[in-house]
Amino acid sequence: IEIGTLIYQGKAKGVYETDDPQKVVVEFRDDITAGDGAKKDNLSEKGFWNSIISAKFFELLEEAGIQTQYIELIKPGLMLSKKLEMIPLEVITRNIAAGSLLRRYPFEAKQTFEPPIIQIDYKSDEYGDPMLNDEIAVALGLIDEYRLKIIKETTLRINKVLKDFLESKGILFPDFKIEFGYDADGSIVLGDEISPDTCRFWDMETCDTLDKDLFRQGESGVIDAYKKVASMILDDEDKE
Ligand code: C5P
């Protein structure tokens with residue numbers, strides 16, 4: 001496959017055209033940001049590990065019958081993907097209370113949610129990613145009721161697959177953010193990434209944080225934590 005021009009540049013990823021109009025290459029960069037870009041750094045190997053971790057999760061989800069953008073890792077850092085028209089929604093799922101939820105509402109830290117909470121934010125740097133409700137999302141023309149329902153149902157299935165898998169590997173899964181898009185047929189397909197940049201992962205035994213919260217809190221060992229996630233979730237055959 002031929003990699004063409006850059007068609008989208010995000011804070012941590014880039015998307016390139018290819019010679020196939022229905023495929024793109026997603027580049028996972030080493031750039032890391034927090035607080036809407038207020039905190040920035042470049043951490044060597046972050047793109048490498050995030051692409052490998054995302055690929056593993058996309059493979060698991062495909063096996064469970066959930067459509068994702070993933071085609072293959074060309075090499076670590078470069079993911080051949082289905083071209084999607086992205087929907088500007090950040091779909092957050094919460095199994096355990098953490099992060100902004102505790103700053104905004106009187107939940108107890110580490111309180112569990114069964115069923116999980118789904119929170120949908122508007123992906124907009126200009127407006128600071130405000131939380132939506134269904135009526136606001138529909139009124140803004142971002143989505144319709146029917147597709148919102150599909151997104152919520154699919155998100156709950158994704159949560160179940162990932163949470164069960166992660167717990168079997170000794171990792172708690174407090175929350176995560178995903179994004180969806182439309183493929184050429186208009187089907188809703190999981191896009192973006194699922195990585196320590198976009199999830200909270202807690203080591204079940206040590207209670208260690210193994211995600212971007214380390215960076216948000218200005219702690220060291222960010223890449224070591226990402227590597228630890230990879231080593232805990234990958235089989236020996238994946239590691240080759
Ligand atoms: O910040 P908050 O606690 O609401 O984040 C919930 C989850 O969504 C976390 O796993 C976080 O990494 C993820 N998230 C994200 N991108 C955002 C906001 C949240 O990946 N813009």
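Guide: A polar contact is a pair of N or O atoms within 3.5 Å; within protein, one must be able to donate a hydrogen and the other to accept it, and residues adjacent in sequence count only if both atoms are side-chain atoms. One case here: an N or O atom in the side chain of Arg200 lies 2.8 Å from an oxygen atom of the ligand.

Visitor: What kind of model is this, and how are its residues numbered?

Guide: The model is predicted: local features need pLDDT of at least 70, side-chain atom pairs count only at pLDDT 80 or more, and totals for chains, interfaces and linings use all residues. Residues are numbered from 1 along each chain as its sequence is written, and side-chain values use heavy atoms, with hydrogens and water left out.

Visitor: Which other residues have an N or O atom listed against an oxygen atom of the ligand?

Guide: Arg216 has a side-chain N or O atom 3.0 Å from a ligand oxygen. Thr198 uses its backbone: an N or O atom there is 3.5 Å from a ligand oxygen. Next, the area. The ligand alone exposes 450 Å², and the protein buries 82% of that (Shrake-Rupley method, 1.4 Å probe; for residues, only the protein chains shown count as cover).

Visitor: Which residues come nearest to the ligand?

Guide: Near means that a heavy atom of the residue lies within 4 Å. There are 14 residues around the ligand, and Glu90, Arg94, Ser100, Asp175 and Arg200 come nearest. The shell divides into 8 charged, 3 polar and 3 nonpolar residues. Here Asp, Glu, Lys and Arg count as charged; Ala, Val, Leu, Ile, Met, Phe, Trp, Tyr, Cys and Pro as nonpolar; the others, Gly among them, as polar.

Visitor: Which strands each supply at least two residues of that shell?

Guide: Strands E9 (89–96), E11 (171–178) and E14 (199–203) do. Strands (E, at least two residues) and helices (H or I, at least four) are DSSP runs, numbered from the N terminus.

Visitor: Why does Glu193 count as buried?

Guide: Buried means under 20% relative accessible area, exposed over 50%, partly exposed in between (1.4 Å probe, protein chains only). Glu193 counts as buried because its relative accessibility is 5%. Glu193 sits in the loop between strand E13 (188–190) and E14. Its side chain makes a polar contact of 2.9 Å with the side chain of Lys13. Another polar contact, of 2.8 Å, links the side chains of Glu193 and Ser195.

Visitor: How do I read phi and omega?

Guide: Most residues other than glycine have a negative phi, and most peptide bonds are trans. Asp192 has a positive phi, near 60°, and is not glycine. Asp192 also lies in the loop between E13 and E14. At 11% relative accessibility, Asp192 is buried. Lys110 has a positive phi too, about 70°. Lys110 lies in the loop between helix H2 (100–104) and E10. At 53% relative accessibility, Lys110 is exposed.

Visitor: Where is a cis peptide bond?

Guide: Between Glu114 and Pro115, with omega about 5°. Pro115 belongs to strand E10 (residues 112–122).

Visitor: Is Gly141 buried or exposed?

Guide: Exposed, at 61% relative accessible area. Gly141 is in the loop between helix H3 (134–139) and helix H4 (145–168). Gly141 and Pro76 are 65 residues apart in sequence, and their C-alpha atoms are 37 Å apart.

Visitor: Is Thr18 buried or exposed?

Guide: Buried, at 12% relative accessibility. Thr18 is in strand E2 (residues 13–18). From Thr18 to Lys56 it is 38 residues in sequence and 23 Å in space, C-alpha to C-alpha.
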